[in-house]
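Hello,

Here is the structure I promised to pass on to you. Please open it first, and then read my notes below.

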Amino acid sequence: MAYTTIVIGGGIAGLTCALALHRAGIEATVYEAYDRSADRAGVYLTLAVNALDALRAADVDLRGLGFDTPRITMTSGSGRTLGELPYGTDAGTGAGPSGSGTALTSRTVRRADLYRRLREEAVRRGVRIEHGKRLVDATSSDGVVAASFADGTTARGDLLIGADGLRSRAREIIAPGTPGARYNGLLNTGGYARGITVDSEPGMMNAIFGRRCFFAFTPHPNGEVWWVANPPSAVEPSPAELAAISPQEWRRRLIDLFRDDRGPAADIVRATEQVFAGWNTYDLAPVAAWHNDRMIIIGDAAHATAPSIGQGAAMAIEDAVVLAKCLRDLPAVESAFAAYEGLRRERVERVVEQGRRTGGWKAVHPAASALRDLVMRLGMSHLARTGNDPSRWIYEHHIDWDERVGGVRV
Ligand SMILES: Cc1cc2nc3c(=O)[nH]c(=O)nc-3n(C[C@H](O)[C@H](O)[C@H](O)COP(=O)(O)OP(=O)(O)OC[C@H]3O[C@@H](n4cnc5c(N)ncnc54)[C@H](O)[C@@H]3O)c2cc1C
């Protein structure tokens with residue numbers, strides 16, 4: 001269908017959606033609140049195989065970005081191995097997007113590099129991206145959407161896709177009164193350590209369930225060590241309180257949190273020149289209405305997922321591609337939105353729920369950490385014996401671009 005589409009948000013969901021719409025022959029303009037310097041947004045992220053599969057459907061190539069992350073190993077703060085799993089990879093395990101035809105390996109990339117690649121690809125294909133456009137309101141009547149921005153300008157189109165993240169304005173417009181972000185009880189920080197040797201092969205994600213704090217590190221093949229830490233905090237710090245913590249103070253706090261743990265966490269923090277400013281972690285309770293007649297939300301705007309499960313970007317990318325297919329294949333916006341929700345809601349809500357449970361494992365009281373470690377170890381050895389990976393359904397998701405929504409191949 002020859003729609004003119006307003007995409008709000010030039011993050012992962014918005015840019016991927018514009019790319020997939022372009023592939024479907026649908027015109028889209030992306031309106032992003034910030035200017036280009038907003039690229040820093042976070043440290044790095046791992047794109048699981050289902051995210052890579054969806055990017056392939058949008059014809060996006062990540063070659064040259066980041067490094068393969070084929071496996072994840074888990075240890076306790078006492079240094080005991082809890083288990084090792086493929087990071088959703090095809091390699092020899094059968095996990096990974098079924099029917100995708102090619103083996104995929106999860107990939108760890110700097111967030112800013114991923115944004116840049118998506119943006120450059122969008123520009124190369126002729127997608128318009130307008131910066132400094134913060135959505136403040138939108139209305140629809142007679143099949144036309146009118147969006148207004150904080151700078152006083154407006155845009156008109158046949159439909160609006162809100163890909164404006166956790167604190168979405170589009171969500172407030174479509175579903176007024178919907179509860180906002182849910183604090184997860186964990187903070188997040190991280191960094192890139194240099195000049196340190198760790199006992200791990202490059203690309204391996206090492207997750208350490210410390211007594212007081214979760215830590216994960218992945219050696220880059222170039223010798224850097226990329227890491228994150230999740231200090232628990234029952235009380236949600238305000239933005240001002242977070243901003244008041246200097247990198248030196250983060251370093252001091254983290255080293256103290258890891259004081260009784262075995263493993264390299266404290267040394268990796270010491271070897272990091274600039275510990276990143278921390279932020280709170282959130283998810284979103286199920287949002288009852290994702291769309292009205294002409295506007296829809298996707299990605300974090302619709303179903304933000306706790307970072308613990310490493311699937312928020314993956315869900316945003318899958319959303320973007322599935323929505324583009326629905327708009328390509330169905331005769332009207334309303335039927336495309338309904339089909340999209342039918343294809344997406346159950347899956348993303350299961351992922352959000354699993355993310356909450358995973359986050360819970362990281363936030364246990366130190367007195368309960370030995371019990372947690374025991375339960376995890378038993379669970380992991382059961383998994384190794386039976387091969388019954390409870391996360392497999394997440395990674396096995398496959399999007400066939402050439403299959404029409406409804407089942408027929410184009
Ligand atoms: C610490 C942390 C670690 C994570 N690690 C992983 C991981 O390893 N793997 C993974 O898959 N996911 C991970 N995630 C989740 C992932 O980052 C998000 O799910 C993903 O960024 C969501 O993409 P999005 O495009 O929906 O939202 P965003 O990336 O937040 O993009 C939203 C965009 O909309 C813009 N915007 C906001 N409001 C407006 C407005 N009113 N008008 C116009 N534009 C607006 C914003 O500036 C932004 O560019 C992690 C998240 C966190 C916090």
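**Around the ligand**

Helix 9 gives the largest share of the shell around the ligand, four residues. Before I go on, please note that this is a predicted model, in which local features need pLDDT of at least 70, side-chain atom pairs count only at pLDDT 80 or more, and totals for chains, interfaces and linings use all residues. Residues are numbered from 1 along each chain as its sequence is written. Helices (H or I, at least four residues) and strands (E, at least two) are DSSP runs, numbered from the N terminus.

The ligand is surrounded by 35 residues, the closest being Gly-9, Gly-11, Gly-165, Gly-299 and Gly-312; a residue counts if its C-beta atom, placed from the backbone, lies within 6 Å. At least two residues of the shell come from each of helix 1 (12–23), strand 2 (27–32), strand 3 (44–47), helix 8 (300–303) and helix 9 (312–329). By class, the shell holds 16 nonpolar, 13 polar and six charged residues (Ala, Val, Leu, Ile, Met, Phe, Trp, Tyr, Cys and Pro count as nonpolar, Asp, Glu, Lys and Arg as charged, and the others, Gly among them, as polar).

**Helix 2 against helix 9**

Helix 9 also meets helix 2 (residues 49–57): their axes come within 8 Å and cross at roughly 30°. Axes here are lines fitted to C-alpha atoms over the stretch in contact, and angles run from 0 to 180 degrees between N-to-C directions. Helix 2 is therefore roughly parallel to helix 9, a label for angles under 35 degrees.

Which residues of helix 2 meet helix 9? They are Asn-50, Ala-51, Ala-54, Leu-55 and Ala-57, and they face Ala-313, Ala-314, Ile-317, Glu-318 and Val-321 in helix 9, where contact means C-beta atoms, placed from the backbone, within 7 Å. By class, this contact has eight nonpolar, one polar and one charged residues.

**The strands**

Strand 3, which supplies residues to the ligand shell, also belongs to an open sheet of three strands in the order 3-7-4, with antiparallel pairing (two strands pair if DSSP finds at least two bridges between them). Strand 3 and strand 4 (67–68) are the edge strands, each pairing on one side only. Four bridges join strand 3 to strand 7 (residues 107–110), and Tyr-44 has Arg-110 as its bridge partner.

Strand 5 (residues 71–76) and strand 6 (residues 81–86) are antiparallel too, over five bridges. They form a hairpin with four residues between them, and Gly-79 in the turn has a positive phi of about 90°.

Enjoy looking around!

Methods
Angles under 35 degrees count as roughly parallel, over 145 as roughly antiparallel, 65 to 115 as roughly perpendicular and the rest as oblique. Two residues are in contact if their C-beta atoms, placed from the backbone, lie within 7 Å.
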